[in-house]
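Here is my note on the ligand site and the pocket around it. Please read it with the structure open.

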Amino acid sequence: MDSNLSPSAKRVQQAIQERGFQCDILELSSSTRTAQEAADAAGCELRQIVKSLVFATAHTGEPILALVSGVNRADENLLAEAVGQPVVKASGEFVREHTGFAIGGVPPLGHVLPLRTYIDLDLMNLPVLWAAAGTPHAIFSVTPADLVEMTGGTPMKIA
Ligand code: 5CA
């Protein structure tokens, strides 16, 4: 384990390792807060960035995680169909409470409790992806297949 990582990035590294994967987390001085900044920092295309977007179910207030390509917008109607009730974009406070991370660094796994997760199909045919690793300065690369396995997410048309 890289002991120079910040505590939030370490939690992500731990979660990745607990699922039997080995990913190197890059903690950078440059910002990776937005998808475009993350793409610039990784030297990849915007579509290879995994946005980890949190929604709340309208009736039951359950957190839902949508992993969406950097070039796409999550379609709340498609998400609602999958979930079985309407969903609304979560507030920063809700995101922090249910993931343990602040907006701009929310990772696809390693949350307070595992979140029901859906994965944008457009991510699935790319060779490699980059996702946030717990802070607005940390990212890691992962293949689509490994992302599915480590998050337990369902690949689906959600954008
Ligand atoms: N680190 C980058 C690239 S991986 C990142 O986290 N990008 S992101 O797109 O997944 O996270 C930023 C997202 O947080 C935005 O797309 C937006 O959906 C959400 N967001 C930004 N500000 C707020 C806010 N005030 N309340 C709720 N959600 C917000």
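1. The largest pocket holds about 380 Å³ of space. A pocket here is an open set of points, on a 1 Å grid over the protein atoms alone, where a 1.4 Å probe fits, with protein on both sides within 12 Å along at least five of seven lines. Of its 22 lining residues, Arg33, Lys51, Ser52, Leu53 and Gly104 are the closest to the centre; a lining residue has an atom within 4 Å of a point.

2. This is a predicted model, in which local features need pLDDT of at least 70 and side-chain atom pairs pLDDT 80 or more, while totals for chains, interfaces and linings use all residues. Residues are numbered from 1 along each chain as its sequence is written, and side-chain values use heavy atoms, without hydrogens and water.

3. By class, the lining has 14 nonpolar, five polar and three charged residues, with Gly counted as polar.

4. The ligand takes up the space of the largest pocket. Around the ligand are 16 residues, of which Thr32, Arg33, Lys89, Ala90 and Gly104 come nearest; a residue counts if one of its heavy atoms lies within 4 Å. S2 (49–57) and helix H2 (35–42) each supply at least two residues of this shell, and S2 gives the most, five. The shell divides into eight nonpolar, five polar and three charged residues.

5. A polar backbone atom of Thr32 is 2.5 Å from a ligand nitrogen, and a backbone N or O atom of Arg33 is 3.5 Å from a ligand nitrogen. For Ser52, a polar backbone atom lies 3.1 Å from a ligand oxygen. The protein covers 69% of the 600 Å² of accessible area that the ligand has on its own (Shrake-Rupley method, 1.4 Å probe).

Notes. A polar contact is a pair of N or O atoms within 3.5 Å; within protein, one must be able to donate a hydrogen and the other to accept it, and residues adjacent in sequence count only if both atoms are side-chain atoms. A molecule sits in a cavity or pocket if more than half of its atoms lie within 2 Å of its grid points. Helices (H or I, at least four residues) and strands (E, at least two) are DSSP runs, numbered from the N terminus. Grid points are joined across faces, edges and corners, and a volume is the space filled by probe spheres set on the points.
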